[in-house]
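This report is for a reader who is meeting the structure for the first time. Which helices pack together, and how do the chains meet?

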Number of protein chains: 2
Amino acid sequence: MSQGLRERKKAETRAALADAALALADEHGPDRVTVEAIAEAAGVSPRTFFNYFSTKDEAILGVVRLDQSPLRDDLVSRPANEAPLDALRAAFVASVERLQDDPDRWVRRRRLVQQHPHLAVRWAAHTADLEHDMVVEIAARLGLDPDRDTYPGVVVGAAMAAVRVAMAVWQARSDRSLAELFDEVFGQLSAGLTPP
Amino acid sequence: MSQGLRERKKAETRAALADAALALADEHGPDRVTVEAIAEAAGVSPRTFFNYFSTKDEAILGVVRLDQSPLRDDLVSRPANEAPLDALRAAFVASVERLQDDPDRWVRRRRLVQQHPHLAVRWAAHTADLEHDMVVEIAARLGLDPDRDTYPGVVVGAAMAAVRVAMAVWQARSDRSLAELFDEVFGQLSAGLTPP
C-alpha cells in the first residue's frame with residue numbers, strides 16, 4: 001500500500017469510529033456507550049479502536065492527537081514570514097470550512113458537551129492542548145519562548161476568542177456569512193480593537 | 001445600621017464563609033466538606049450560608065453573584081467615553097491588585113480547581129458568566145447588541161486572553177512584575193498584534 005493510500009485509509013477508519021461514537025452517544029447517552037459497541041458499529045476490533053483513540057470520550061468528541069490535528073497542519077503549512085495573526089486566521093478559516101462540510105456533526109457534538117460535564121472537561125482540556133500547541137508553533141516561528149514571552153500566547157488567545165465570537169454571532173443571526181464575520185473580527189484585532 | 005455599614009458586614013460574612021470553605025476543602029478534600037461545617041467554622045447558621053452562596057462549591061471557589069462582582073463594579077465605574085480596551089485593562093489591573101493582597105488564597109483555589117474536575121466545570125461556568133456580563137456592559141456603552149454584534153465579544157475575549165497570558169508568564173518567571181506584563185500584553189492588543 002502506498003504511503004498516501006495508507007494515510008487515507010487511517011483517516012477513514014478514524015472518521016468511522018468518531019461517527020459511530022457520536023451516533024451511539026446521541027442515541028443512548030455517552031455513559032451507556034462502550035468501546036466494544038463503537039468498534040462493532042465501525043466494523044473494526046476493539047484493539048483497532050485503541051490505535052486511534054485512548055477512551056470512548058475521545059472518540060465521541062473526535063479528539064485527535066495534536067500531531068494529527070488538521071488545524072495544526074494548516075498553521076504549520078503557512079509561509080514562515082507571514083504575520084502570525086494572518087497565519088492563524090488562514091488556519092482557522094480552513095478549519096471552519098471543513099466543519100461546514102458537516103454542520104450537523106458539530107451541532108450534535110456541541111449539544112453533548114453542553115449536557116455532560118465530564119465531556120465538557122475533556123473538551124476544554126483538548127482546546128487548551130490545541131491552543132498551547134499553536135502557541136509553541138508561533139513562538140518557534142519568531143524565536144520566542146512560548147512560556148516566558150507573552151506575544152505568542154496573546155496572539156493565539158486573541159485569535160481563538162475572535163473565532164469563538166464569529167461562530168457564536170453566526171449561530172445567532174442568519175443574515176451574515178461566516179466568512180464576512182471572520183473578516184470583521186480579525187479586522188478588529190489588527191486595528192488594535194478600536195471601537196467600530 | 002447604615003447602608004454602608006450593612007454592606008461592609010455582608011462583605012465580611014461572605015469573605016469569612018469563603019475562607020472557611022477554602023480552608024476546609026484544602027484540609028479534607030472538597031467532597032468531604034459540608035455546608036454545615038462551613039457555616040459552623042464561619043460562626044453563622046446554615047440558613048445564613050444560603051444567603052451568600054447556593055452550594056458549597058460556590059463558597060469554596062468564592063464565586064459571587066455577578067451583580068456583586070468587584071471586577072464588574074470596576075468596569076462599570078470607568079468613564080463612559082473611555083476606550084473599551086482601556087476600561088477593561090483598568091478593571092483587570094484593579095482586580096489583580098486585590099488578588100495580590102492574598103496570593104496564597106489564589107494559589108490554593110487554583111490547585112483545588114486543577115485537582116477536582118467538578119470544581120473546574122463550576123469555575124469555567126463562572127468565568128463564562130463573568131465574561132458575558134462584561135460583554136453586555138461594553139455593548140451597552142457603545143449601543144451595540146452583545147449577541148449580534150462582534151466587537152464587544154472580541155474586545156472582552158482578547159482582553160481576558162491577554163490577562164491569562166500575563167498571569168501565566170508572571171508565574172513562570174520572577175524577573176518581571178505583573179504591572180510590566182500587563183503593560184506589555186495590552187500594548188500588543190492595542191498595536192494590532194504585530195509581532196515584537
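## Terms and basis

Axes are lines fitted to C-alpha atoms, for helices over the stretch in contact, and angles between N-to-C directions run from 0 to 180 degrees. Helices are DSSP runs (H or I, at least four residues), numbered from the N terminus.

The model is predicted: local features need pLDDT of at least 70, side-chain atom pairs count only at pLDDT 80 or more, and totals for chains, interfaces and linings use all residues. Residues are numbered from 1 along each chain, chains are lettered from A in the order written, and side-chain values use heavy atoms, without hydrogens and water.

## A pair within chain B

Helix α7 (residues 103–115) of chain B packs against helix α8 (residues 117–142) of chain B at about 115°. Their axes are 5 Å apart. α7(B) and α8(B) are therefore roughly perpendicular.

B:L112, B:V113 and B:Q115 of α7(B) make the contact with B:P117, B:L119, B:A120 and B:W123 of α8(B). Contact means heavy atoms within 4.5 Å. By class, six of these residues are nonpolar, one is polar and none is charged. Ala, Val, Leu, Ile, Met, Phe, Trp, Tyr, Cys and Pro count as nonpolar, Asp, Glu, Lys and Arg as charged, and the others as polar.

## A pair within chain A

Helix α1 (residues 3–28) of chain A and helix α2 (residues 35–42) of chain A have axes that come within 8 Å and cross at roughly 120°. That makes α1(A) oblique to α2(A).

From α1(A), A:A16, A:L17, A:A20, A:A21 and A:L24 meet A:A37, A:I38, A:A39, A:A41 and A:A42 of α2(A). This contact has 10 nonpolar residues, with no polar and no charged ones.

## Where the chains meet

Chain B and chain A each give 34 residues to their contact. About 2,800 Å² is buried between them, and carbon and sulfur atoms give 68% of that. Buried area is the accessible area (1.4 Å probe) lost on putting two parts together, summed over both. In chain B, B:R148, B:T150 and B:L193 lose the most area to chain A, together 23% of what that side buries.

One helix pair spans the two chains: helix α10 (residues 178–190) of chain A packs on helix α9 (residues 151–172) of chain B at about 50°, with axes 10 Å apart. A:V185, A:Q188 and A:L189 meet B:Y151, B:V154 and B:A158 there.

Terms used
Angles under 35 degrees count as roughly parallel, over 145 as roughly antiparallel, 65 to 115 as roughly perpendicular and the rest as oblique.
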